[in-house]
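Subject: Structure handover

Hello,

Here is the structure we spoke about, with the sequence alongside. My notes on it follow below.

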Amino acid sequence: MIVGAQWGDEGKGKIIDVLAERAAVVARYQGGSNAGHTVLVGNEEFKFRLLPSGVLNEDALCVLGNGVVIEPEVLCGELDALQARGRTGAGLRISGNAHLVMPWHRLLDGARELRLGDLRIGTTRRGIGPAYADKVARTGIRVQDLLDEKILRAKVSTALDIENDVLEHVHGLERLDPATTADEVLAFAPRLRPYVADTSLLIARALDRHELVLCEGAQGTLLDVDHGTYPFVTSSNPIAGGACVGLGIGPTRISAVIGVAKAYLTRVGEGPFPSEAEPAAAEALRTAGGEFGTVTGRPRRCGWLDAVALRFAARVNGLTELVVTKLDVLSMLDEIPVCTAYRLADGTVTRDFPAHQSDFHHASPVLEVTQGWRRAIDDVRNADDLPPQARAYLELIEREVGVPVTLVGVGQRRDQILALPGTESAVGVVAL
Ligand code: IMP
């Protein structure tokens, strides 16, 4: 299982792409087109929002599990783009139980954000929250409904009966015509039909054959709707437990949980961020790290590695190892601050992530300053050749989080992921 240990955008896509070479199945378990994975293969850049990052491994089955919310137009667009570049995408399998993001979900997402004004969440406006809300309210429309025109038309009609009133009378938007809306969605059905499968069953069969199944989390721990920085979260469960629910696998079948963390920290959208850097330092990180949202293009807020949050991620995910990405971005710094504890409003200092939002909102970072290495490391191919200060930085992370760091990223390409000596990743040392 591979999970984001921060607020998303940790570089999971690149890691999954590399590990997927050994996998029989790569499976996404939550989120939708709010996610954005960038994978660089040679000089070719691939950007995915819905397709699992593992889709570039043509030998693996690539699952969109029941926990994912799917916007048919985006999925078909990604398949087209993939096929235009000579890949087949033939391994794709879509759970019939996954919910669809419908046109009104996107409209409502935007309208609600607008109405919230200063209290907005800063969503990607892809309709994710409203789609999950309908799922839980039991009024959602699922992938399997695409396979039966009569059912789909009836469900769209029933949903729009209510949603049109909300669109018109609450938000002052135009009503959607049920027949046209159903036509638009049904247009994607023939394209998606061949990929629909019982994905829980096919994962179970792969596990029975002792094959490697990689569960791919989107977003990150701090965006989890139950355990993240609510309400500034996404509407699904990116944490490891979410994979059991979002794919239909029992927890006893999980052998390892790999957390991916950037060597510093970013956040898109609103909400507290204790280790957020001063504007000049944040700008330097943003520029060096190319920190702009894959989906929305928004500049990401940037700050220092937060060990308090990472300890929390280790706890709620049961991390067995950590992968640290983008270490090269810190190469320009003389000194690198790391947040090791929070000072709360009443002056107490804690190493534990606050359980209540007002404590977190008022937490200020206790920063420990470590020495930088001041030389480029993107050409390093063997972790032994990393500067001593860079190795010390990784050791500090291990010490603070209590989880071994097994892989480190020093650049965007596949060959810039280094295996650390003395550790062994659950998926084996990656041969690059
Ligand atoms: P939503 O998922 O579009 O509802 O957005 C809710 C919050 O999650 C916002 O703060 C988004 O910026 C954030 N978010 C959603 N997806 C991602 C992601 O893939 N990376 C980083 N932040 C994300």
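A cavity is a set of grid points where a 1.4 Å probe fits but cannot get out. Please keep in mind that this is a predicted model.

Cavities

Rolling a probe the size of a water molecule over the atoms shows where empty space is left. Searching the whole structure gives two cavities of 30 Å³ or more.

The largest cavity has a volume of about 40 Å³. Its lining includes Val-55, Asn-57, Glu-58, Ala-60 and Cys-62, and also Thr-88, Gly-89, Ala-90, Gly-91 and Leu-92. Sorted by class, five residues of this lining are nonpolar, four are polar and one is charged.

The second largest cavity holds about 30 Å³ of space. Around this second cavity are Ala-5, Gln-6, Leu-222, Leu-265, Asp-306, Ala-309 and Leu-310. Here the classes are five nonpolar, one polar and one charged.

Cysteines

A disulfide is a covalent bond between the sulfur atoms of two cysteines. How many disulfides does the structure hold? The count is zero.

Take Cys-76 as a case. The closest cysteine sulfur to that of Cys-76 belongs to Cys-62 and is 15 Å away, which is too far for a bond. Cys-244 is in no disulfide either. For Cys-244, the nearest cysteine sulfur is that of Cys-215, at 7.7 Å, while the cut-off for a disulfide is 2.5 Å.

Are these two cysteines, Cys-76 and Cys-244, buried or exposed? Cys-76 has a relative accessible area of 5%, so Cys-76 is buried. Cys-244 is at 16% relative accessibility and therefore counts as buried; the limit for buried is under 20%.

Ligand

There are 16 residues around the ligand, and those that come nearest are Asp-9, Asn-34, Thr-124, Thr-234 and Arg-298. By class, this shell has six nonpolar, eight polar and two charged residues.

- Asp-9: an N or O atom of the side chain is 3.1 Å from a nitrogen atom of the ligand.
- Asn-34: an N or O atom of the side chain is 2.8 Å from an oxygen atom of the ligand.
- Gly-122: a backbone N or O atom is 3.4 Å from an oxygen atom of the ligand.

How much of the ligand does the protein bury? On its own the ligand exposes 470 Å², and the protein buries 96% of that.

Regards

Technical notes:
Residues are numbered from 1 along each chain as its sequence is written. This is a predicted model: local features need pLDDT of at least 70, side-chain atom pairs count only at pLDDT 80 or more; totals for chains, interfaces and linings use all residues. Side-chain values use heavy atoms; hydrogens and water are left out. On a 1 Å grid over the protein atoms alone, a cavity is a set of points where a 1.4 Å probe fits but cannot get out, and a pocket is an open set with protein on both sides within 12 Å along at least five of seven lines; lining residues have an atom within 4 Å of a point. Grid points are joined across faces, edges and corners, and a volume is the space filled by probe spheres set on the points. Ala, Val, Leu, Ile, Met, Phe, Trp, Tyr, Cys and Pro count as nonpolar, Asp, Glu, Lys and Arg as charged, and the others, Gly among them, as polar. Buried means under 20% relative accessible area, exposed over 50%, partly exposed in between (1.4 Å probe, protein chains only). A residue is near a molecule or strand if one of its heavy atoms lies within 4 Å of it. A polar contact is a pair of N or O atoms within 3.5 Å; within protein, one must be able to donate a hydrogen and the other to accept it, and residues adjacent in sequence count only if both atoms are side-chain atoms. Accessible areas come from the Shrake-Rupley method with a 1.4 Å probe; for residues, only the protein chains shown count as cover.
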